Amino acid sequence: MNVELDIEKVNRHNFRSCLAALAEPGKTQPLFPLFDSELLALASLLLYPEVGYHYRGTLDFQLIEAISGAQGTAVDAADYLFADHPDPELLSGAKVGTAESPEFGATLVFGWPPAGHQQHTVRLRGPGIDGVVEVDLPFTGQFFELLQERNSSFPMGVDLLLVGPDQRLLGLPRTTTIEVCG
Amino acid sequence: MSYVAIKGGVEAIRASKELFRAQLTADAGKITDQAVREGLSFACDRIMGEGALYSEKLAAEAIRRSGGDLLEAAFYLRAHRSTCQRIGESAPVDGAALRIIRRISAAFKDIPGGQILGPSCDYVIRLLASYRRESAPLADRQPLADCAPDELSFVPSALQALRDADRILRLDCREDQPFDVTRSFPLPPYPRSALMQVMARGETGAMLAFAYTSMRGYGDVHPTIGDLRLGVAEIFFSHPFTGKKVKIGGIRVTACETVGAFSRDRRDGQLRLAVGFGFTFGYNETKAIAMSILDLAMHHEGYSVGGLRIAGNPEIIIHHVDAVESMGFTNHFKLPHYVTFQADLQVLARARENEQP
């Protein structure tokens, strides 16, 4: 089996899913795992030698580092931030870019917490959403407030991707406004 | 420039795509990728360079899918390239370390390693009537793309003796690291590495045309081919875990050094010969020579005389040799420009109204 070729195929499939997830916020997209992990699949897709990343969790990123050439870095310098679960500290420290270069805002990739974790139903509005869409997100109220604050100076801000469960991907770009129901 | 949003026409567009596929299937459905790779190896080589992706397999598929339209085929490769994972940079390739299948020099008759003619169309009489008779004995030959690297030999550049005698002018290198045009586009003054990369991806016909301007009268380049070589370059990469250099394969390449007239070396005021360099994926002698002439013209001002700099103008070369860009811009004119053309008509009407009787 040509392992490298398989990774390329997985990356291409997941790239389309990422595009779709960010183009249609709130709508889940299929995701192929890599090394039995959806988070590592996104790391393989997103990382390359010229970007820095930061990971907080229990996965082994050694192989991803080897095949992507990306180097681990501090939270406030990372282009991509990964965590097994939604992490307010990473969100708080992530780059939001500058007014001149908002594209340097970080992308955060969080794994979906295990079943039983607190969830909130939210209404999403913004580009890519036909009016309004309601989804359940595994964030605390404090996390929502922090996300709103980090994305308050558009076009500066952060983009967020949630992976799992069941090999699903959900995108929350900085253009999406989130309203917690009830 | 502005566009008007067009709705509708989805069915017609879908039908057009189906017709195109049906036409290709009818005309080229029996051609296999292997047949393209082995029978049209120079076409594959050409688009591997212009598409900036070395893959004989994908090049053959791209040519088949595009029905032999090489501009389209290069576009396929460039598009595929953009989806490939970027894992790092290989070690630099030394042109003198190629395993040679063909090496000639027009500068010296007797050169170390000898004149190795190898496979070339240079000595073929272009008479279609004689094709069948000439091609018959070649049927048992190994395909050009399949020459085993181990069967080939190393030879030094035919210009090495001149280098050893300090007769070759060396340009100042002001770059710590080579520029990478695949990551960002440079601003003027353009680094030589960026110009070389853009030319290595340049469309063969465009490169030839610009180089030809220099030969024909808008410049002064009439060089001598110092060393033209076709061969296999071994590619080394740092192992991601051990950090050691490992050979990951070999690619077929063409390299050309052309010698121009002498220039005064800025380093010490001595007169030395100027040399241009060309390099392509696969076997593409014409493009490699054209590239070396453009390199000469752009980096040695004495080669662009007559007041009209075309080949010697980096601004012209860097922006006009890329096939995907130029083809895309040209073909975008087929897109609806209904609003802009209406504006043109209004301007025409106003001009006619205001025209003096």
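Two strands count as paired if DSSP finds at least two bridges between them. Helices (H or I, at least four residues) and strands (E, at least two) are DSSP runs, numbered from the N terminus. The model is predicted, so local features need pLDDT of at least 70 and side-chain atom pairs count only at pLDDT 80 or more, while totals for chains, interfaces and linings use all residues. Residues are numbered from 1 along each chain as its sequence is written, and chains are lettered from A and ligands numbered from 1 in the order in which they are written.

**View 1. Strands β1, β3 and β4 of chain B.** Strand β1 (residues 99–104) of chain B runs antiparallel to strand β3 (residues 224–238) of chain B, and five bridges join them. R102(B) has L230(B) in β3(B) as its bridge partner. β3(B) is also joined by 14 bridges to strand β4 (residues 245–264) of chain B, again antiparallel. Here G231(B) is bridged to V253(B) in β4(B). β3(B) and β4(B) make a hairpin with six residues between them, and G243(B) in the turn has a positive phi of about 80°.

**View 2. Helix α13 of chain B.** This helix (residues 338–354) has 17 residues. From first C-alpha to last, α13(B) reaches 24 Å, close to the 24 Å expected at 1.5 Å a residue; the expected span is 1.5 Å times one less than the number of residues. A residue is buried if 20 or more other C-beta atoms, placed from the backbone, lie within 10 Å of its own, exposed if 12 or fewer, and partly exposed in between. The number of buried residues in α13(B) is zero, so the helix lies largely in the open.

**View 3. Chain B as a whole.** Chain B holds 13 helices and five strands. Of its 357 residues, 33% are buried. Its mean pLDDT, the predictor's confidence in each residue from 0 to 100, is 88, and 88% of the residues reach 70 or more.

**View 4. The open sheet of chain A.** Three strands lie in the order β7-β6-β10 (chain A), with antiparallel pairing. β7 (133–137) and β10 (177–180) of chain A are at the edges with a single partner strand each, so one side of each has no neighbour in the sheet. The twist averages 35° from one strand to the next, with axes taken as lines fitted to C-alpha atoms and angles running from 0 to 180 degrees between N-to-C directions. Strand β6 (residues 120–125) of chain A is joined to β7(A) by five bridges, and R123(A) stands opposite E134(A) in β7(A).

**View 5. Strand β9 of chain A and its partners.** Four of the five residues of β9 (residues 168–172) of chain A are buried. Two bridges link β9(A) to the antiparallel strand β1 (residues 29–30) of chain A, where P30(A) stands opposite R168(A). Strand β8 (residues 159–163) of chain A is antiparallel to β9(A) through four bridges; L162(A) has L170(A) as its bridge partner. The β8(A)–β9(A) hairpin has four residues between its strands, and G164(A) in the turn has a positive phi of about 80°.

**View 6. The contact of chains A and B.** Nine residues from chain B and 12 residues from chain A take part; two residues are in contact if their C-beta atoms, placed from the backbone, lie within 7 Å. The chain B side that touches chain A has four nonpolar, three polar and two charged residues. The model scores ipTM 0.72 and pTM 0.83.

How values were computed:
Ala, Val, Leu, Ile, Met, Phe, Trp, Tyr, Cys and Pro count as nonpolar, Asp, Glu, Lys and Arg as charged, and the others, Gly among them, as polar.
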